Amino acid sequence: MSTIAADVVSLRTNLADYGVTKAMKDGRVASDRVHLDYCGPTPAHNGFKAMVRESKFDAGELAIVTYLQAKAYGKPYVLLPAPVSGRFQHHCAGFNLDFGHLNPRDIEGRQVGVRTYAQTTGLWIRGILRHEYGVDLDKVTWMTLGDGHLAEYKDPENCVRLPAGASIPDMMMKGELAAALLGEDMPKDPRVRTLVPDAQNAAKTWFQREGVVPINHMFVVHKEVSKKHPDVVREIYRMLAESRALTEGGVPAVFPPMGLEANRKGLQLAIDWALDQKIIPHKLSVDELFDDVTGSLG
């Protein structure tokens with residue numbers, strides 16, 4: 001955090017290019033109070049570890065699971081009620097039909113790949129498998145490629161690290177893994193099936209009942225920014241809201257809303273499932289994710 005001109009605060013910011021943030025990134029939405037220095041890596045998630053371990057950035061996006069862990073382990077960031085990415089997750093568990101059809105509970109006693117156990121996509125799809133389809137997650141061996149973003153965090157005992165350079169999509173296609181939890185990396189192959197039957201309709205039905213679009217990433221600021229410059233935090237929220245309003249083609253139909261109360265149920269669900277899956281060490285409340293400044297936004 002620095003001052004580049006009278007009353008203009010410059011913040012080191014890690015934020016990817018999303019439809020809802022494009023107007024911020026290209027300068028159409030700006031401020032005479034804060035300058036966001038977009039100095040993070042591409043992809044932005046490569047900066048999450050440095051953010052929570054070294055406080056490398058003053059502001060930016062964090063995966064919601066990473067933020068919950070950061071809060072649980074006392075890291076100096078506070079949440080803004082501003083999701084920058086989110087989607088239904090029912091389609092994110094796949095398997096290769098060549099090696100036999102799988103129902104959700106068939107992965108019990110088997111090996112399933114996921115990039116990291118604490119990955120946000122993994123949290124959501126495992127929660128769906130557990131609470132909608134009765135899968136005992138403790139009976140699955142989770143094959144991972146890396147550790148979590150927080151140094152204090154350790155994977156559950158039923159996680160096994162894959163060799164360096166391993167490809168979870170390739171291993172799934174070869175039958176070396178029974179299934180895989182993947183987002184955009186799911187192979188575009190006609191043999192791939194979703195572990196959740198009729199995933200698209202299942203997601204719609206779930207949304208009709210729960211009213212929640214699972215959050216992937218939300219915006220955060222360093223607590224010192226909020227403490228010393230509450231007006232800057234309010235400016236950032238304004239910029240996020242205005243940028244969202246300028247989304248080309250409009251905000252996607254399936255997308256988390258702005259505002260604390262509008263996101264309360266989704267955040268509570270993320271907390272509950274993170275605790276249940278041994279991703280956070282103790283229960284958190286939704287309200288403690290925010291401070292007096294950020295909790296009053298929206």
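**Notes on a predicted chain**

1. Let's start with contacts (heavy atoms within 4.5 Å): of those in the chain with a separation of 6 or more, 76% are accounted for by residues 24 or more positions apart.

2. A word on the source: this is a predicted model, where local features need pLDDT of at least 70, side-chain atom pairs count only at pLDDT 80 or more, and totals for chains, interfaces and linings use all residues. Residues are numbered from 1 along each chain as its sequence is written, and side-chain values use heavy atoms, with hydrogens and water left out.

3. Now the overall fold. You will find 9 helices and 12 strands in the chain; these are DSSP runs (helices H or I, at least four residues; strands E, at least two), numbered from the N terminus. Buried residues (under 20% relative accessible area, 1.4 Å probe, protein chains only) make up 54% of the 298 residues.

4. Have a look at helix α8, residues 230–245.

5. Where does P156 sit? P156 is in the loop between β8 (141–144) and β9 (159–161). P156 is buried, with a relative accessible area of 10%. Leaving aside residues up to four places away in sequence, P156 touches Y117, Q277 and K278.

Key
The expected span of a helix is 1.5 Å times one less than its number of residues. Buried means under 20% relative accessible area, exposed over 50%, partly exposed in between (1.4 Å probe, protein chains only).
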